[in-house]
Amino acid sequence: MTLHHPEIKVCPKISIIIVTYNVVNILQNCLNSIYKQRYPSLEIVIIDGGSIDGTVEILSTNENNIHFWKSEKDEGIYNAMNKGLKYITGDWVYFLGADDELFEDFSSLAYALKDPDTIYYGSVLKNGEKYLGELTPYQHAKTGICHQAVIYPASVFTKYNFHLKYPISADHVLNMECWNDYNFKFHFLDLVIAKYNHEGISSVKKDALFEKHKASLILKNYGRKIWGRFLFRKLKHKLK
């Protein structure tokens, strides 16, 4: 169900996909941060991985404000995110963690969405500090954009899904593919749109297969100049 606010306007709908698993102590805070948004056209899609801790009861309690939810075993975060994409009806797509929280600036970014061929991104608050800001092409290739900072046009997902072989960094790979796709461009707005949990798996563990493929992915999607810079800095770091 679309969330309704007094200032309702005709606004493009944003589908917010949340992947959950045993998050009974934090999910309601995440949902409340969505309910507080002044942007009027939001829908929530939640894919739960078969929680047994009371998460399903929270989903049931909130189902009047949730467009779609289901609870079943899955094959990991990105498998669940791909599942969620099957149930969206929005013009735009945003992925939020159950341990994250939206800020008021999320609505500011939402109101700024104009071009359906543009991927818009801002910053997040990570461990109390603003992260990452506007990225150069090299930073985009090497570090990637935090997925809680990005709102995608839904058309991205008519062409791409998350690659399940990358269990931690599939969102980085998706952004690499979009960078190399002439149909899309990235646009930064200086807004801090969410509080990002810096203790999640992507912050504490490396994706081994992604690290193995990273140089070739950079070459394929960013070209020889950025690829060469990446290899030079990698070698320089090894020689320290």
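Author: Happy to; let's begin with the rings. Rings of Phe, Tyr and Trp (its six-membered ring) pair if their centres lie within 6.5 Å, and planes under 30 degrees apart count as stacked, over 60 as edge-to-face and the rest as tilted. This is a predicted model, so local features need pLDDT of at least 70 and side-chain atom pairs count only at pLDDT 80 or more, while totals for chains, interfaces and linings use all residues. Residues are numbered from 1 along each chain as its sequence is written, and side-chain values use heavy atoms, leaving out hydrogens and water.

Reader: How many aromatic pairs does a search of the whole structure find?

Author: A pair of aromatic rings is described by the distance of the centres and the angle of the planes. Searching the whole structure on that basis gives a count of 14 aromatic pairs.

Reader: Why is the pair of phenylalanine 95 and phenylalanine 162 given its class?

Author: The ring centres of phenylalanine 95 and phenylalanine 162 are 5.3 Å apart. Because their planes stand at 80 degrees, the pair is edge-to-face.

Reader: How many residues apart are phenylalanine 95 and phenylalanine 162?

Author: Helices (H or I, at least four residues) and strands (E, at least two) are DSSP runs, numbered from the N terminus. Phenylalanine 95 is in strand E4 (residues 92-97), and phenylalanine 162 is in the loop between helix H6 (156-159) and helix H7 (170-179). The pair thus links distant parts of the chain, 67 residues apart.

Reader: Does phenylalanine 162 count as buried or exposed?

Author: Buried means under 20% relative accessible area, exposed over 50%, and partly exposed in between, using a 1.4 Å probe and protein chains only. Phenylalanine 95 is buried, with 2% relative accessibility. At 4% relative accessibility, phenylalanine 162 counts as buried.

Reader: What class does the pair of tyrosine 166 and phenylalanine 210 have?

Author: Their ring centres lie 6.2 Å apart. Since the planes are at 90 degrees, this pair is edge-to-face.

Reader: Which parts of the chain does that pair tie together, and how many residues apart are they?

Author: Both tyrosine 166 and phenylalanine 210 are buried. Tyrosine 166 lies in the loop between H6 and H7, and phenylalanine 210 lies in helix H9 (residues 208-222), so the pair joins parts whose separation in sequence is 44 residues.

Reader: Which lysine lies over the face of tyrosine 131?

Author: A charge sits over a ring if NZ of Lys or CZ of Arg is within 6 Å of the ring centre and within 35 degrees of the ring normal. Arginine 229 does this for tyrosine 138, at 4.1 Å from the ring centre. Over the face of tyrosine 131, at 4.3 Å from the ring centre, lies lysine 126.

Reader: Which residues of the largest nonpolar core touch the most other members, and which strand gives the most to this core?

Author: A nonpolar core is a set of buried Ala, Val, Leu, Ile, Met, Phe, Trp, Tyr and Cys residues joined through side-chain atoms within 4.5 Å. Of the 74 residues in the largest one, those touching the most other members are Ile14, Ile16, Ile18 and Tyr94. The strand that gives the most, with 6 residues, spans residues 185-196 and is E9.

Reader: In which sense do E6 and E9 run?

Author: Two strands pair if DSSP finds at least two bridges between them. E9 and strand E5 (residues 101-102) pair in the antiparallel sense over 2 bridges, with leucine 102 partnered by alanine 194. Strand E6 (residues 118-126) is joined to E9 by 8 bridges, and these two run parallel.

Reader: Is serine 123 buried or exposed?

Author: Serine 123 has its place in strand E6. Its contacts (heavy atoms within 4.5 Å), leaving aside neighbours within four places in sequence, include Tyr131, Phe188 and Ala194. At 0% relative accessibility, serine 123 counts as buried.

Reader: How many residues of helix H3 are buried?

Author: The cover over the buried residues of H3 includes strand E1 (14-20), strand E2 (42-48), E4, H6 and H7. Among those buried residues are Tyr78, Met81 and Leu85. Helix H3 (residues 77-85) is mostly covered, and of its 9 residues the buried number is 8.

Reader: What is phi of asparagine 127?

Author: Asparagine 127 is found in the loop between E6 and E7 and counts as exposed at 55% relative accessibility. Its phi is positive, in a residue other than glycine, with a value near 55 degrees.
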